[in-house]
Structure formats: structure tokens, C-alpha cells
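Student: I have a structure to go through today. Can you walk me through it?

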Amino acid sequence: MTMQDEPLLAVDSLSVSFDGFKAVDDLSFQINRGEIRVIIGPNGAGKTTVLDLICGRTKATSGSIRFEGRELTRMKEYDIVRAGVGRKFQTPSVYEDLTVFENLEISYPRGRGVFEALLFRRDRELTDCIRDIAEMIYLDQKIDEKAANLSHGQKQWLEIGMLLIQDPALLMLDEPVAGMTVNERVRTAELLQRIIQSRSVLVIEHDMGFVEKIAHQVTVLHQGRIISDGSMEHVKNDPKVVEVYLGH
Ligand SMILES: Nc1ncnc2c1ncn2[C@@H]1O[C@H](COP(=O)(O)OP(=O)(O)OP(=O)(O)O)[C@@H](O)[C@H]1O
Ligand SMILES: [Mg+2]
């Protein structure tokens, strides 16, 4: 089996407890290359906690997370980022006083030392890369605009751009279309289709119309456990899922 055939991410029997409360309980799932996987589930199901575990913000109580042959549960948060896992939080966190260009520029990964930062010059290659990403996230006309002047949806796109410039193999997005207009949601779905030409995406989302449009595979979480997993068509018709969503 070559590396290309292996799943990009393999989560196996992952659990975490907070003071005895199992927020994530024996979770297993995989993400293939070029796949969009969506995690859905009611509030408090443990969805954000799964992202916290993968990006190393929260330490697992047990289980494993394999990413391109490496064990993430043993790695520090910044090493996981450098290994190729990008994560967007529930609320956008762009630098309001900086322009779109500058927000992308400061997100470009450089040498970690002070001297490398001082020696860094804005070269042609980086400028081209920033322009390409700005175009991809529909902000090429806004490239010199301060982030403060963008709409909420445009800020969400900018934050996705700030992750793309780090060239992650796996992009994790927590509720990316929350607060977006209908038109912005359509364009975000199109953006994700372009992103997966060369990457995989893990999305948490409540908007079922959006999930239906983008998901290859859907994982349904409830009280920290997977209650259903498969195509949207499959989980939508799963009686366990229907029960959870109707609240009985
Ligand atoms: N660091 C932590 N310490 C203690 N409890 C936590 C911690 N992180 C999450 N929890 C608890 O774990 C449960 C799952 O929370 P999580 O944020 O993962 O849910 P979620 O599915 O993302 O919900 P939402 O849809 O509202 O965003 C909640 O009961 C939450 O209070
Ligand atoms: Mg959440």
C-alpha cells in the first residue's frame, strides 16, 4: 500500500474526559485525500472538542490520531500546524487593522527565529502567492482594504485564506458559514470544491442545506459518540439521527 492509498487522517478509539465527563467517547473515523468530511450533531455533542483534540489544543485521555503516518496525540500544537493541519475557529479572528494583503502576508509560515523574521523580505513569489489566494477567496478586489471593512462572510473567507497560505494537507473549519448570506454560502461551497483539489477538509456545520451540498461523508455526533456515519442520504434517513434531531 502506498502512502497515497492510506487515509490522510485516521482517528481510532479517541476519548477525552473533563472531570469524569466524557466529552468525546471512543470515536473512530477516517478522512481520505480529497475528501470533505462533515461532523454534525446537537449543541454540546463534542464537535469542537474533536477539532481541539486533532490540533493538539486538548490532550486525549486515550486513543490515537494518525496523520500522514505520524501520531498527533504525542505532538505539540505548533508542530501539528507545521505537520500540515490548519484549523479555523468558530469566530473569525482576522487582524482588523491590517489589510487583506497584510493579513495573508503575516500568516505565511517563515523560519521561527527572530533573525529569520528580520531578514525576511517580501519577494515576488510571496506576492504572487498572496494574490492567487486573495482571488481564490473572492477578495482580489479588496486586497488593500482593511479587514475591519469586510463583511462577516468576507472575514470568514479571509481566515480560510490565512490557513491556505500555510499550505495544510488538512483544513478544519468550525461552522464556516455561520452568519453568512445565502450568496456567501453558495460561494463558500464552491471555494471548498476548489480547496479539495489538493487537500482534505473537515467541517463542523449546523446548516443542513450547506452540509448536503458539500459533504462526501457525514459523521453524526451525539453526547460524544458517533451515532451514524456515511453519506448524507444514509444519515438523513437513519432513525437514530432523526430521533436526536427531533429531540425525543
Ligand atoms: N476544556 C473543557 N473543559 C471542560 N468541559 C469541556 C471542555 N471543552 C468542552 N467541554 C464540554 O464538552 C462538551 C462538548 O462541547 P463542544 O464544544 O465540543 O460541543 P459542540 O458539539 O462543539 O457544541 P456547539 O454545537 O454548541 O458548538 C460540552 O458539554 C462542553 O461543556
Ligand atoms: Mg462547537
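Tutor: We'll take the ligand, then the sheets and the helices on them. Keep in mind that this is a predicted model.

Student: Okay, ligand 1. How many residues surround ligand 1, and which are the closest?

Tutor: The count is 14. The closest are Asn 43, Gly 44, Lys 47, Thr 48 and Thr 49.

Student: What kinds of residues make up that shell: nonpolar, polar or charged?

Tutor: Five are nonpolar, seven are polar and two are charged.

Student: Which polar side-chain atoms lie by an oxygen atom of ligand 1?

Tutor: Take Lys 47. A polar atom of its side chain is 2.7 Å from a ligand oxygen. His 206 also has a polar side-chain atom by a ligand oxygen, at 3.1 Å.

Student: And what about a polar backbone atom?

Tutor: Look at Gly 46. One of its polar backbone atoms sits 3.0 Å from an oxygen of ligand 1.

Student: How much of ligand 1 does the protein bury?

Tutor: The protein buries 61% of the 640 Å² that ligand 1 exposes when taken alone.

Student: Which elements give two or more residues to the shell?

Tutor: Strand 2, residues 21-31, and helix 1, residues 47-54. Helix 1 gives the most, with three residues.

Student: Let's do sheets. What is the order of the four-strand one?

Tutor: The order is 2-1-4-5. This sheet is open, and its pairing is antiparallel.

Student: Which strands are at the edges there?

Tutor: Strand 2 and strand 5, which covers 70-71. Each pairs on one side only.

Student: How many bridges do strand 1 and strand 2 share?

Tutor: Seven, in the antiparallel sense. Strand 1 spans residues 9-18. To find the pairing on screen, look for Val 11, which stands opposite Phe 29 of strand 2. Val 16 is another place to look: its bridge partner is Val 24.

Student: What happens in the hairpin of strand 1 and strand 2?

Tutor: Two residues lie between the strands. Asp 19 takes a positive phi there, near 50°.

Student: And what does strand 1 do with strand 4?

Tutor: They pair antiparallel over five bridges, and strand 4 is residues 62-67. Ala 10 faces Arg 66 of strand 4.

Student: Back to helix 1. Which strands is helix 1 touching?

Tutor: Helix 1 packs on this sheet and touches strand 1, strand 2 and strand 4. Its direction makes about 70° with that of strand 2.

Student: In what sense do strand 6 and strand 7 pair?

Tutor: Parallel, over four bridges. Strand 7 is residues 170-174. Arg 87 stands opposite Met 172 in strand 7.

Student: What about strand 9 and strand 10?

Tutor: Those run antiparallel, joined by five bridges. Strand 9 is residues 217-222. Val 218 stands opposite Gly 230 in strand 10. Their hairpin has two residues between the strands, and Gln 223 takes a positive phi near 50°.

Terms used:
Residues are numbered from 1 along each chain as its sequence is written. Chains are lettered from A and ligands numbered from 1 in the order in which they are written. This is a predicted model: local features need pLDDT of at least 70, side-chain atom pairs count only at pLDDT 80 or more; totals for chains, interfaces and linings use all residues. Side-chain values use heavy atoms; hydrogens and water are left out. A residue is near a molecule or strand if one of its heavy atoms lies within 4 Å of it. A polar contact is a pair of N or O atoms within 3.5 Å; within protein, one must be able to donate a hydrogen and the other to accept it, and residues adjacent in sequence count only if both atoms are side-chain atoms. Accessible areas come from the Shrake-Rupley method with a 1.4 Å probe; for residues, only the protein chains shown count as cover. Ala, Val, Leu, Ile, Met, Phe, Trp, Tyr, Cys and Pro count as nonpolar, Asp, Glu, Lys and Arg as charged, and the others, Gly among them, as polar. Two strands pair if DSSP finds at least two bridges between them. Contact means heavy atoms within 4.5 Å. Axes are lines fitted to C-alpha atoms, for helices over the stretch in contact, and angles run from 0 to 180 degrees between N-to-C directions.
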